[in-house]
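Trainee: Could you walk me through this model, feature by feature? I would like the general idea each time, and then the case at hand.

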Amino acid sequence: MHMLKQPALRPLAVAVFGAGLLVAGGQAMATTAADATIRNTVTVSYADAGGNAQTPLLSSVDVTVNLVRANPILNAPADQSTDSATNAVYSYTITTAANGVATYNLTTPLAQSAGISGSTASALPASVTLGATTVASAVSIAAAGTTVITVPRDNTVDGSINGLVVGDIVVIAGQEFLIAAIGADNVGPGTTTITVNGNGSVLNAAVGTLIAERKTFSLTVDPGTVSDATVDQTITVTTTATDAANATFTSNDVTVTTVLSVGLTVQKLVRNVTSGTAGTGTSVSYGGGTYYPGGITGNPGDVLEYLIVVTKSATTASATQVRISDPVPPFTTYVANSMRLDNGSGLSALNDSGADGDAGETDNNTIYIYPGAGGTDGGVGAPGIGDGVGGSLGASDVSYALFRVSIQ
């Protein structure tokens, strides 16, 4: 489970939520905090028959302000792209728009595209409780230092003011502030205070401006297992916050994590250069020759030419460090300087040496070819055969590599 944390985060767009809420300056307003006591006292003055003033008569009636529930406000973190081995982490903020304490349940249903399985979204806190109050006396919040804000008393002695305690992050008129102190936690009519630290900007807050708590949580998406690497896969998570007391009030945010698939495939084919005999299976014509995946026969002394086709799918993730390592088949002898490579602009001959800076090298036992952009055998001073640098293939790139052997 991820613990809630409260760093300063970006401001949020705010809508109108619930009856009795207004919008001013981009921040919801509720003119009086929930659980505030409105006391009305009538005074009757009178005198006796002799005109002597008597003690006035007083009568009071109290009204408690209701909690006006509202949709919580979830920020919308940007969608992410990742690879199959790397988790995507989303940082969320949730801000109340109610005028008092409200608890919101959190859920994260998940959907995957057809070519990926086993994806998970980390468990969130089961619920988040957020406090809120309102400005009772217009105030100018200083950019630096601390500012005392007068707020209505709530109706409970519990060490908080409508759920707000020291260390909470609150949003006032769209700006974040840290609570540095709270005043007397008394019940009944009247006011108390909260003290906030300046955030670098002066803010004038009118009577009734909502002081809304904000908390943060993280969502981690594990890509799972990709079964179809020819196309990018997606994981869709709907993060939902629902009022625990009234499911009518709910908000959600959808993130789409794109798992970038490299989509690299390889095909190995061969032809008998000497006899030109046909093989079996689906053939590939390239460079004037026809190559087969199987069925080729040959006599001792015949020359065989192998074709290696490396194909990158249309997905956006590049294949990097692409290296071909192909042992010379048994009962054959490598034909010197027969390596060739076509990265899309025609065949180029590759020298057997590992010290000339082209994209191929061999020790006559294993063929090493480095297809794609930037592929090289390392050039002069390279550590040794087979230690070259693989190249990169982008979307829909195809590389053709060839070499020859003779049957012993």
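Trainee: Where is serine 396 found?

Mentor: Strands here are DSSP runs of E with at least two residues, while helices are runs of H or I with at least four residues, and both are numbered from the N terminus. Serine 396 sits in the loop between strand S35 (391-393) and S36. Before we go on, this is a predicted model, so local features need pLDDT of at least 70 and side-chain atom pairs count only at pLDDT 80 or more, while totals for chains, interfaces and linings use all residues. Residues are numbered from 1 along each chain as its sequence is written, and side-chain values use heavy atoms, with hydrogens and water left out.

Trainee: What is phi of serine 396 near?

Mentor: Most residues other than glycine have a negative phi. Serine 396 has a phi near 65°, a positive value in a residue other than glycine. Alanine 173 also has a positive phi, near 50°, and its place is the loop between S16 and S17.

Trainee: How is serine 396 classed by relative accessibility?

Mentor: Buried means under 20% relative accessible area, exposed means over 50%, and partly exposed is in between (1.4 Å probe, protein chains only). Serine 396 has 47% relative accessibility, so it counts as partly exposed. Glycine 167 also counts as partly exposed, at 32%; that glycine lies in the loop between strand S15 (146-152) and strand S16 (169-172). Proline 330, with a relative accessible area of 62%, is exposed, and its loop runs between S29 and strand S30 (332-334).

Trainee: How many helices and strands are there in the protein?

Mentor: The protein has 36 strands and zero helices. Its radius of gyration is 37 Å, well over the 22 Å that the globule rule gives for 408 residues, so the protein is more spread out than a compact globule. That radius is taken over C-alpha atoms, and the rule is 2.2 Å times the number of residues to the power 0.38. Along the principal axes, the C-alpha atoms fill a box of roughly 145 × 40 × 30 Å. As an example of spacing, proline 330 and valine 44 are 116 Å apart in space, C-alpha to C-alpha, and 286 residues apart in sequence.

Trainee: What share of the 408 residues is buried?

Mentor: Buried residues make up 42% of them. For contacts, meaning heavy atoms within 4.5 Å, residues 24 or more positions apart account for 69% of those with a separation of 6 or more.

Trainee: Which strands pair with S20?

Mentor: Two strands count as paired if DSSP finds at least two bridges between them. Strand S7 (residues 88-95) joins S20 through eight antiparallel bridges, with threonine 95 opposite arginine 214. Strand S11 (residues 120-121) runs antiparallel to S20 and is joined to it by two bridges; there, alanine 121 stands opposite valine 221. Strand S13 (residues 132-134) pairs with S20 in the antiparallel sense over three bridges, and threonine 133 faces isoleucine 211. S16 also pairs with S20 in the antiparallel sense, over four bridges, with valine 171 opposite alanine 212.

Trainee: Is S20 enclosed or open, and how many of its residues are buried?

Mentor: Twelve of the 13 residues of strand S20 (residues 210-222) are buried, so the strand is largely enclosed by the rest of the structure.

Trainee: In what order do the three strands of the open sheet run?

Mentor: The order is S29-S34-S33, with antiparallel pairing. Strand S29 (324-327) and strand S33 (360-362) stand at the edges with a single partner strand each, so one side of each is left without a neighbour in the sheet. S29 pairs with strand S34 (residues 366-369) over four bridges, and serine 325 has tyrosine 368 as its bridge partner.

Trainee: Which residues touch the most other members of the largest nonpolar core?

Mentor: A nonpolar core is a set of buried Ala, Val, Leu, Ile, Met, Phe, Trp, Tyr and Cys residues joined through side-chain atoms within 4.5 Å. In the largest one, of 23 residues, they are Leu304, Met339, Ile367, Ile369 and Phe403. Strand S27 (303-312), strand S28 (319-322), S34 and strand S36 (398-407) each give two or more residues to this core. Another core, of 20 residues, lies apart from it, with Leu74, Leu106, Ile116 and Ala241 among its members.
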